[in-house]
Amino acid sequence: MDKNTKTSRRSFLKGSVALAGVSVAGAASAKEADPLITEVQEWASLTGAGVDETPYGLPISFEKDVVRRNVEWLTASPISSINFTPIHALDGTITPQGCAFERHHSGAIELRKEDYRLMINGLVDRPLVFNYSDLERFPRENHVYFCECAANTGMEWAGAQLNGAQFTHGMIHNMEYTGVPLRTLLNEAGLDAAGDLKNKWVYVEGADASSNGRSIPMEKALDDVLVAFKANGEALRMEHGYPVRLVVPGWEGNMWVKWLRRIEVTDMAVESREETSKYTDVYEDGTARKWTWVMDAKSVITSPSPQMPITHGQGPLVISGLAWSGHGKITRVDVSKDGGISWETARLGKQGDSKALTRFYLDTNWDGKPMLLQSRAMDETGYVQPTKNQLREVRGENAVYHNNCIQTWFVNENGVAENVEVS
């Protein structure tokens, strides 16, 4: 961070006092009687809910709007559709399972642990079938990773479309996964029969009606891919692939096959429907990019944003957002309040695993004037998040997937934000 922009929150607040009798955070003067303090309230007069009132804890009713949302006109049916994580209303980096976006190709299925089977076949020494209990006996690992749909922000290729961070960037979640490294299971089956592994692949399938098969290079399969059966410390939700799913860190969500039922070692990519007619990026001239697995560095400001307007007026303002990269850790995020003319370096929250979401904050002072808010992420490879025009110069506007351009929110003098095009 540049020494001219580095400051402590304490010195920032101290220098921001503008109104006598009012604290910098906007709290009322202690000299004014507040009945919420001076009078006994109902919640302090009666006993509350007992310990068994809600056997599985749910959010309090006051937070009922913090939910996943669908955009009905995006798809013909909710059976093969997607909903969006309410990233605008969350903080930190971990996504609650109940808020994590869903993407289904033939609907979420109910599959009991007792009925679960995972086959490993193909070019292996010993074809094997594991049940759920078998998987639990292998040494397990815990990792925090983001999962992003390749179509996240896809509607924005042709200009500002959807008004809300939840809808432009909400096809993403970040959870702590528990499971067995895929390489452990492959080694259990034995890979001598495959010979030279340099050009080998694994083909993975799900147990749902669509099966959603995808090919993964052996190099990635033996690296950090996880066969997961827990998320955020508890069993996977049905919509997230209960009882077992694949986790492919840093790569597009379509490869994170849910209800994982089969892993086949092959000597070539299968080139299934989901990696030929779908999940390819079409250039302006009609040709397509092949094997675009990795999710490049990307960021978005979640507050202020269209669903999170500024309601407290002028004064101290925390601009907050998320950044991520499938190539590794985020090393820096810059924030612009004037549409990219000038930039300030944001403060990064605590970082965890590589290929996980990073929270950023810019502690600033709002003077009530309109802003064009942008964020720009950089990762440990030196990659810098591009503008829309930079991305369009390379890929045109025919693409649907892998749009990682800089997003712009226009914030007016009333603190209301909307999605706008600043290329």
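Q: Which residues make the nonpolar surface patch of about 440 Å²?
A: This is a predicted model. The patch covers about 440 Å² and is nonpolar.

Q: Is Ile 37 buried or exposed?
A: Ile 37 sits in helix α2, which spans residues 35-38. Exposed means over 50% relative accessible area. Ile 37 has a relative accessible area of 71%, so the residue is exposed.

Q: What is the strand order in the open sheet of five strands?
A: Strands of a sheet pair through backbone hydrogen bonds, either parallel or antiparallel. Here the pairing is mixed. The order is β4-β3-β12-β7-β8.

Q: Which strands stand at the edges of that sheet?
A: An edge strand here has a single partner strand, so one of its sides is left without a neighbour in the sheet. From one strand to the next, the twist averages 20 degrees. The edge strands are β4 (128-131) and β8 (214-217).

Q: How far apart do the end C-alpha atoms of residues 111-269 lie?
A: An unreviewed UniProt entry annotates residues 111-269 as "domain: Oxidoreductase molybdopterin-binding". The span is 14% helix and 35% strand. Its end C-alpha atoms lie apart by 28 Å.

Definitions and conventions
Residues are numbered from 1 along each chain as its sequence is written. This is a predicted model: local features need pLDDT of at least 70, side-chain atom pairs count only at pLDDT 80 or more; totals for chains, interfaces and linings use all residues. Side-chain values use heavy atoms; hydrogens and water are left out. Patches are made of residues with over 30% relative accessible area and no salt bridge: like charges are joined within 9 Å, nonpolar side chains (Val, Leu, Ile, Met, Phe, Trp, Tyr) within 5 Å. Accessible areas come from the Shrake-Rupley method with a 1.4 Å probe; for residues, only the protein chains shown count as cover. A salt bridge is a side-chain nitrogen of Lys or Arg within 4 Å of a carboxyl oxygen of Asp or Glu. Helices (H or I, at least four residues) and strands (E, at least two) are DSSP runs, numbered from the N terminus. Buried means under 20% relative accessible area, exposed over 50%, partly exposed in between (1.4 Å probe, protein chains only). UniProt positions are given in the numbering used here, feature names are shortened, and annotations may be inferred rather than shown by experiment. Two strands pair if DSSP finds at least two bridges between them. Axes are lines fitted to C-alpha atoms, for helices over the stretch in contact, and angles run from 0 to 180 degrees between N-to-C directions.
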